Amino acid sequence: MITRTSTVSLTLSGTLLQDCDPASLLFFDIETTGFTADTSSLYLIGAISWQENGWVLTQWLAQSEGEEEAVLEAFLTYASTKKQLLHFNGDRFDLPYLHEKCGQYGLTDTLVSMISRDLYRMIRPLKALLKLPALNQRSLEEYLGIFRRDPYSGGELIQIYHEYEKDQEEGKLQKLLLHNREDLLGMTDLLPLLSYHVIPNGSFQVTDYEIEGDSLILRARLPLFLPQVFSYKNVWFYLTGQQDKLAIQIHGFRGTLKYFFPDYKNYYYLPEEDVAMHKSVAAYVDRDHREPAKAATCYNKKKGFYLPQFEELFSPVFKTDYHEKQRYFACNDRFLQNPDALFCYFCHLLNNL
């Protein structure tokens, strides 16, 4: 078995892991000759962890399939002092593979007691927000402007490993180690992507607003810096983020909308005025100019500036028509001067990305 170590540069500051104890974390990645543990072998495990005064990258490589157990034991011993496992798609592949290998060799599986943090699963909810073209690790690295020296995929390395078993050629060994090393370093490079989670999580502070034409613009300050400028647009709003700043431009409606009274049986509809009136008042209107209100005609009309809402967050609720699903509320001074209301509305829109 070959063991290689080197120091690496890594900072957790400015990421969602910044408050974690570095000594509790373990980044890891495995290389295998196949997808199932009972028909393939584990030939390389790499890990990055905090050791005394810095981050260290360690790799254990089996020079032959017969050293698989030794590689696994070395990694389990190394990981035994850590509390959190960080990996990319490891919940689906790496960890089940290692669990099964532990069973094959009768080794105590200490990994099951550790907290698992799958970067793939953590980044996946950000796909629509960031318009990510793909979620494989290499594509995510390239989204951040990171490009590898390693040209190989994990599948392509299987043949190289089998050749290395036979000839122990140093060049092949370096290719195997480089791929695993860049997988590990790539994981740490992806940590800034997690900063975008502060947006859907509502971890920001609304700082000011501006009305521009028929739009309301809300601006906010983020607790972390975003690694890349991003924008997101739908029919109702345009969201942008840069560094620690977030802004959303909401397309409002300026004109007349209807408020529908819920108890329509207590109202008359006045066709000539196109409004509903409570029976206690409308009883004095000539019968020829009134009719029992229906749910769709029991409304009052009001002119103003309105903002869209996707559920009844603010009341009263206005609509263009009774059967219209889109709801609105009045963008008035009472709303604009309420910081809690502005923040609540910002979060409401983000929940409907």
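Contact here means heavy atoms within 4.5 Å. By that criterion, and setting aside neighbours within four places in sequence, Thr33 is in contact with Ser40, Ser41, Tyr43, Ile158, Tyr161 and His162. The model is predicted, so local features need pLDDT of at least 70, side-chain atom pairs count only at pLDDT 80 or more, and totals for chains, interfaces and linings use all residues. Residues are numbered from 1 along each chain as its sequence is written, and side-chain values use heavy atoms, with hydrogens and water left out.

**Thr33**
- Thr33 sits in the loop between strand S2 (25-32) and strand S3 (42-51). Strands (E, at least two residues) and helices (H or I, at least four) are DSSP runs, numbered from the N terminus.
- Thr33 counts as buried because its relative accessibility is 16%. Buried means under 20% relative accessible area, exposed over 50%, and partly exposed in between (1.4 Å probe, protein chains only).
- The Thr33 side chain reaches the backbone nitrogen of Ser41 at 2.8 Å.

**Nonpolar cores**
- A nonpolar core is a set of buried Ala, Val, Leu, Ile, Met, Phe, Trp, Tyr and Cys residues joined through side-chain atoms within 4.5 Å.
- The largest has 60 residues, and Ile199, Leu239, Phe335 and Phe346 have the most contacts inside it. Helix H10 (residues 339-350) supplies the largest share of this core, seven residues.
- Apart from it lies another core of 35 residues, including Leu26, Trp60, Leu85 and Leu107.
- Phe335 touches Leu216, Leu307, Phe314, Phe329, Ala330, Ala341, Leu342 and Tyr345, not counting residues up to four places away in sequence.

**Helix H10**
- H10 has 12 residues and reaches 17 Å from first C-alpha to last, close to the expected 16 Å. The expected span is 1.5 Å times one less than the number of residues.
- Buried positions in H10 include Ala341, Leu342, Tyr345 and Phe346.
- At the start of H10, a side-chain oxygen of Asn338 comes to within 3.0 Å of the backbone nitrogen of Asp340.

**Strand pairing**
- Two strands pair if DSSP finds at least two bridges between them.
- Strand S12 (residues 253-260) runs antiparallel to strand S16 (residues 299-309), joined by eight bridges. The bridge partner of Tyr259 in S16 is Asn300.
- S16 is also joined to strand S17 (residues 327-330), antiparallel, by four bridges. Leu307 stands opposite Phe329 in S17.
- An open, antiparallel sheet of three strands has the order S14-S13-S15. Strands S14 (275-278) and S15 (291-292) are at the edges with a single partner strand each, so one side of each lacks a neighbour in the sheet.
- Four bridges link S13 (residues 267-270) and S14, with Tyr268 opposite Met277.

Note on methods. A polar contact is a pair of N or O atoms within 3.5 Å; within protein, one must be able to donate a hydrogen and the other to accept it, and residues adjacent in sequence count only if both atoms are side-chain atoms.
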